[in-house]
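Here's a walk through a structure, taken one piece at a time. Keep the 3D view open and follow along.

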Amino acid sequence: MRKTVVITGASSGIGRALALEFAAQGYDLGVAARRLPALEALRDELLAANPDSGLRVLTAVLDVDDDANVGPVLHGLFGALGKVDIVVVNAGVNDFTAVGRGTFAKEKQLLQTNLIGAIATVNAAVEHFLTCGGGQLVGISSLASLQAIPKQAAYCASKAALSMYLDAARIELKHKNIRITKILPGFVKTEIMHNVGKYPFAVSAGQAAQQIVSAVQKGKRRAVVPAFPWCLLLPLFGHFPDALFRRRG
Ligand SMILES: NC(=O)c1ccc[n+]([C@@H]2O[C@H](COP(=O)([O-])OP(=O)(O)OC[C@H]3O[C@@H](n4cnc5c(N)ncnc54)[C@H](OP(=O)(O)O)[C@@H]3O)[C@@H](O)[C@H]2O)c1
């Protein structure tokens with residue numbers, strides 16, 4: 001029996017690459033984001049790349065900032081797909097911010113999308129899993145959840161809080177047949193941030209997606225992506241000297 005995965009933030013970057021990877025491995029898909037034309041283009045590409053496979057791809061317009069609507073939109077998508085086995089909480093944003101220098105609105109927005117929007121998505125997914133006997137939730141956090149980075153205070157805070165939320169939810173739900181996999185990406189070449197591809201050890205979204213899907217299939221609690229070299233450096237996270245960060249602005 002084919003499995004079904006729902007991915008938020010599937011219109012670009014890691015979410016889009018995850019949709020391509022899951023479809024290639026025989027999963028049916030629900031893809032959600034704000035940009036419907038990008039989701040429709042993805043659906044058409046997926047169906048063209050997997051002809052005669054019986055692949056089903058449904059799209060849903062979802063703005064996770066509109067938290068009262070997250071549950072209704074996702075439950076509509078889950079209902080249309082039938083039973084959903086995996087939900088990937090991926091929608092997110094990033095931007096440079098400057099503490100005390102006029103970027104509070106931007107910081108609030110980062111927290112709204114990356115934390116409150118993600119928590120609203122987790123709640124809708126878990127409600128669905130509870131009604132159908134279980135499932136797997138995949139949260140896309142970040143290595144930035146483990147290390148304070150200047151000009152990224154709100155982003156680091158949003159991902160640290162999301163990681164903690166996912167860890168607590170994992171323990172809370174382990175006797176309900178609900179598995180939680182937390183993903184900590186390093187740098188992935190996507191639209192999220194200008195020049196992210198020039199940062200150390202950056203990988204393509206496709207490479208990241210392959211490693212994420214493998215971790216999901218193994219039911220891992222936590223996966224660092226790419227595993228090499230970040231896993232080797234993991235003990236240093238949270239302990240990098242301040243001097244490592246070049247002074248900017
Ligand atoms: N790239 C990296 O180096 C990196 C590293 C660590 C973690 N991550 C995390 O990976 C996730 C995906 O990011 P990405 O790098 O793939 O960036 P991306 O290419 O910019 O993709 C972000 C996705 O999130 C969606 N999104 C943003 N705001 C949304 C909202 N309010 N409601 C619904 N969807 C929204 C966007 O779709 P629409 O604009 O169509 O809504 C888009 O599909 C994020 O959570 C990010 O924090 C990325």
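This is a predicted model: local features need pLDDT of at least 70, side-chain atom pairs count only at pLDDT 80 or more; totals for chains, interfaces and linings use all residues.

**A tour of the fold**

You'll find Asp52 in the loop between H2 and S3. Its backbone is worth a look too: phi of Asp52 is near 60°, a positive value in a residue other than glycine. For context, most residues other than glycine have a negative phi.

Phe201 is another such case, with a positive phi of about 60° although it is not a glycine. Phe201 sits in the loop between S7 and S8, and it counts as exposed because it has 11 C-beta neighbours inside 10 Å. Ala202 is in the loop between strand S7 (188-189) and strand S8 (203-204). With 17 other C-beta atoms within 10 Å, Ala202 comes out as partly exposed. Leaving aside residues up to four places away in sequence, Ala202 touches Phe187, Val188, Lys189, Val196 and Gly197.

Now for the sheet. It is an open one of 7 strands, paired in parallel and ordered S3-S2-S1-S4-S5-S6-S9. Strand S3 (57-61) and strand S9 (222-225) stand at the edges; each has a single partner strand, so one side of each is left without a neighbour in the sheet. From one strand to the next, the twist averages 15°. Further in, strand S1 (residues 4-8) and strand S4 (residues 86-89) run parallel and are joined by 3 bridges. Val6 stands opposite Val87 in S4.

Helix H5 (residues 153-173) lies across strand S5 (135-140) and strand S6 (178-185), at about 160° to S6.

What about the nonpolar interior? In soluble globular proteins, nonpolar side chains tend to be buried together. Here the largest nonpolar core has 60 residues, and Leu18, Ala19, Leu29, Val31, Val88, Ala209 and Ile212 touch the most other members. Leu29 touches Val5, Ala19, Phe22, Ala23, Leu46 and Val57, not counting residues up to four places away in sequence. Another core, of 5 residues, lies apart from the largest one; among its members are Leu110, Ala154, Tyr155 and Cys156.

Which residues are closest to the ligand? They are Gly9, Gly13, Arg34, Arg35 and Gly92, out of 32 residues that surround it. Helix H1 (13-24) and helix H4 (104-131) are the elements that give two or more residues to this shell, and H1 gives the most, with 3. By class, the shell has 14 nonpolar, 13 polar and 5 charged residues.

Pro37 belongs to helix H2 (residues 36-49) and counts as exposed, because it has 8 C-beta neighbours inside 10 Å. Pro37 and Thr59 are 22 residues apart in sequence, with their C-alpha atoms 10.0 Å apart in space. Most peptide bonds are trans. The bond from Val225 to Pro226, however, is cis, with omega near -5°, and Pro226 is in the loop between S9 and helix H7 (227-233). The bond from Phe228 to Pro229 is cis as well, with omega near 5°; Pro229 is found in helix H7.

Terms used
Residues are numbered from 1 along each chain as its sequence is written. A residue is near a molecule or strand if its C-beta atom, placed from the backbone, lies within 6 Å of it. Helices (H or I, at least four residues) and strands (E, at least two) are DSSP runs, numbered from the N terminus. Ala, Val, Leu, Ile, Met, Phe, Trp, Tyr, Cys and Pro count as nonpolar, Asp, Glu, Lys and Arg as charged, and the others, Gly among them, as polar. A nonpolar core is a set of buried Ala, Val, Leu, Ile, Met, Phe, Trp, Tyr and Cys residues joined through C-beta atoms within 7 Å. A residue is buried if 20 or more other C-beta atoms lie within 10 Å of its own, exposed if 12 or fewer, and partly exposed in between; C-beta atoms are placed from the backbone. Two residues are in contact if their C-beta atoms, placed from the backbone, lie within 7 Å. Two strands pair if DSSP finds at least two bridges between them. Axes are lines fitted to C-alpha atoms, for helices over the stretch in contact, and angles run from 0 to 180 degrees between N-to-C directions.
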